[in-house]
Amino acid sequence: MAHAGQPEAPRVLDLESAGRIALAANPTLAAAAARVAGAVQRVHQARAAYWPRLDASAGVSRVEMADSDYQASLAQMRALNPAATLADPVDYYQGGLTASWTLFDGFARRFALLQARYGHGETAAARDDARRLLLAAVADAYFGAQLARESVAISRADAAYNGRLMEEARLRRQVGTGSLSDVLNFEVAVNAAHGTLITARSRELSALTGLAALLGYGDAHLPDGMVLADLARETAADLAVPEAGDQVAYAFTHRPDLSQWEQAVEAAEAGIGAARAGYWPTVSLAAGVNGDRTNDARLGGDDFETRMGMSLSFNLFAGGYHRARVAEARENRTATARELESRRLNVSAEIVQALDELAAAADQLGLQRRNADLVARHRDLVEKEYAVGQASLVRLNEAQRNLVQADGRLAQARVALHQARFALDTATARTLERFAGPGRP
């Protein structure tokens, strides 16, 4: 079952289609996208500090005086006016509107906005790195499924080959030129090939299940009618090993995890500025209209007063708090910069290792292809010799086993080359450019 935003399932699933389906539907990326959206809102929150605030207030309270206070207040009033009365309890109604605007706060708002923007950059880079790692996981599952399918094909060919020889042995036995032992030998070989085929099919199913889960299919099953593309023939470009310097330079510019730490360094630098804001005064404007009335909620114009003013506050001493804040921010910036340096060294080592593995995979493929050709020629020669009685059944069995093993090693070498090439592109983050869709950065 596909998600709503998932692309239409292709009939033949190649690596390009698998990558794009995963990027569109994998729930891990959906969570990362939500975090990016949240980071955008944090930027809006930081920008809101530049605008004035407008607050409305309203309230009502009832005050019931203590008897002694009431009598004292009433006595004071009657000293001036013997007919005076004092209500108790008394209802008080208040209402007001206040506007405030911070004109200067030591650049705290500016650096807070910078921190929010760099935080958004960090989150976006983390999303892109999640895309990079997801594509690597998809490729591993995809190539694993292709290798399993190659194993299925090899097992089928082995079963078909031994099945043909078994029928020929039966015909020879019927005409008196063959033996029962030959028939039984090939029948055992057919059964062994079928057993290997069952195992290979199970591995293929497991690989396809893992791939379907990465592609976001809810039932971890590829859609009906979808088949895996054939293992691509290797090209000269696949076998070429690029220069390490160019690959490292590209990675330093395009790896999202490095960009994430670069943004973190900038955010830490802005944190130093935010900490220094405590050394500066804060200047604010405030204006308000407030009214109150006793025992009547209908406030009129005569019940309101208007206030307007400017305030300046400047901390003279805080026990070293601001100095410690600045020192902490500087240490945080140093630690983040050191972490970025360490990540760059790790990326360089990762690329060099990927290049070594690619070179080894290319050499291994050339060796296994030549060896598979030799073993196939040898098997065919032994089969002809066996047919005319010049080779034993043991030699033919051994030659066939060698061919099956050589074909298996060749399939592993072919898949290993594609995996090594994709691993290099993952290490440099070229996969993000390769799988970038319309409108995607």
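Helix H9 is followed by Gly 389, whose phi is positive, near 80°. Helices here are DSSP runs of H or I with at least four residues, numbered from the N terminus. The model is a predicted one, in which local features need pLDDT of at least 70 and side-chain atom pairs count only at pLDDT 80 or more, while totals for chains, interfaces and linings use all residues. Residues are numbered from 1 along each chain as its sequence is written, and side-chain values use heavy atoms, with hydrogens and water left out.

H9 itself covers residues 321-387, 67 residues in total. From its first C-alpha to its last it reaches 95 Å, close to the expected 99 Å; the expected span is 1.5 Å times one less than the number of residues.

Arg 379, whose number falls within the range of H9, lies over the face of Tyr 161, at 4.1 Å from the ring centre. Arg 110 lies over the face of Phe 111, at 5.4 Å. A charge sits over a ring if NZ of Lys or CZ of Arg is within 6 Å of the ring centre and within 35 degrees of the ring normal.

The structure also holds four aromatic pairs. In one of them, the ring centres of Tyr 142 and Phe 143 are 5.8 Å apart and the planes stand at 75°, so the pair is edge-to-face. Rings of Phe, Tyr and Trp (its six-membered ring) pair if their centres lie within 6.5 Å; planes under 30 degrees apart count as stacked, over 60 as edge-to-face and the rest as tilted. Both Tyr 142 and Phe 143 are buried, meaning under 20% relative accessible area with a 1.4 Å probe and protein chains only.

Val 183 lies in helix H5, residues 180-214, and is buried at 5%.

How values were computed:
Helices (H or I, at least four residues) and strands (E, at least two) are DSSP runs, numbered from the N terminus. Buried means under 20% relative accessible area, exposed over 50%, partly exposed in between (1.4 Å probe, protein chains only).
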